[in-house]
Amino acid sequence: MSTELITTDALVVQSEGFLVSDMDGEKVMLSIENGKYYNLGRIGGRIWELISSPVTISNMVDQLVMEYEIEPELCEQQVRLFLKQLAAEGLVQVDK
């Protein structure tokens, strides 16, 4: 999946089947299905929180821009790249 295929109006939500914990401010996850461990970091963890219920990339970027000092265009680019990686691992569901 390329980042261009994930539109700003696409709805993104967490996939099920992961144990998630906070460790020193970072989100870490364990996949029950494949036994893989993931460290989402601080901002990745915040994105994970935002996609606990279906949300558009546009709304997610708006929220992150309010919380962090980042330009909207760069934020959107980084969010799309991060979501592409999560989707490749089956961690999120994207409804285009």
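**Salt bridges and helix packing**

Reply: Arg46 and Glu67 form a salt bridge whose closest N and O atoms are 2.7 Å apart. The pair joins distant parts of the chain, with Arg46 in helix H1 and Glu67 in helix H2, 21 residues apart. A salt bridge here is a side-chain nitrogen of Lys or Arg within 4 Å of a carboxyl oxygen of Asp or Glu. Helices (H or I, at least four residues) and strands (E, at least two) are DSSP runs, numbered from the N terminus.

Me: What kind of model is this, and how are residues numbered?

Reply: This is a predicted model, in which local features need pLDDT of at least 70 and side-chain atom pairs count only at pLDDT 80 or more, while totals for chains, interfaces and linings use all residues. Residues are numbered from 1 along each chain as its sequence is written, and side-chain values use heavy atoms, with hydrogens and water left out.

Me: Is Glu67 buried, exposed or partly exposed?

Reply: Glu67 is partly exposed, with a relative accessible area of 34%. Buried means under 20% relative accessible area, exposed over 50%, and partly exposed in between (1.4 Å probe, protein chains only).

Me: Which residue does Glu49 pair with?

Reply: Glu49 forms a salt bridge with Arg46, and the closest N and O atoms are 3.2 Å apart. Both residues lie in helix H1 (residues 41-50), 3 residues apart, or about one turn of the helix. Glu49 is partly exposed, at 37% relative accessibility.

Me: Which residues make up the network of salt bridges?

Reply: The network links Asp22, Lys27, Arg46, Glu49 and Glu67. The count of salt bridges comes to 6.

Me: Where do Lys36 and Glu89 lie?

Reply: Lys36 forms a salt bridge with Glu89, with the closest N and O atoms 3.1 Å apart. Lys36 lies in the loop between strand S3 (26-31) and strand S4 (37-40), and Glu89 in the loop between H3 and strand S6 (92-95), so the pair ties together parts that are 53 residues apart in sequence. Lys36 is partly exposed, with a relative accessible area of 38%, and Glu89 is partly exposed at 36%.

Me: Turning to the helices, at what angle do H1 and H2 pack?

Reply: H1 and H2 pack at an angle of about 135°, with their axes 11 Å apart. Axes are lines fitted to C-alpha atoms, for helices over the stretch in contact, and angles run from 0 to 180 degrees between N-to-C directions. H1 and H2 are therefore oblique to each other; angles under 35 degrees count as roughly parallel, over 145 as roughly antiparallel, 65 to 115 as roughly perpendicular and the rest as oblique.

Me: Which residues of H1 and H2 meet?

Reply: Arg46, Ile47 and Leu50 in H1 meet Met60, Gln63, Leu64 and Glu67 in H2, where contact means heavy atoms within 4.5 Å.

Me: And how do H2 and H3 pack?

Reply: Helix H2 (residues 57-67) and helix H3 (residues 72-88) pack at an angle of about 125°, with their axes 9 Å apart. H2 and H3 are therefore oblique to each other. In this contact, Ile57, Met60, Val61, Leu64 and Val65 in H2 meet Pro72, Cys75, Glu76, Val79, Arg80 and Leu83 in H3.

Me: One last topic: which residues does Gln93 touch?

Reply: Gln93 is in strand S6 and touches Leu11, Val12, Val13 and Ser15, not counting residues up to four places away in sequence. At 46% relative accessibility, Gln93 is partly exposed.
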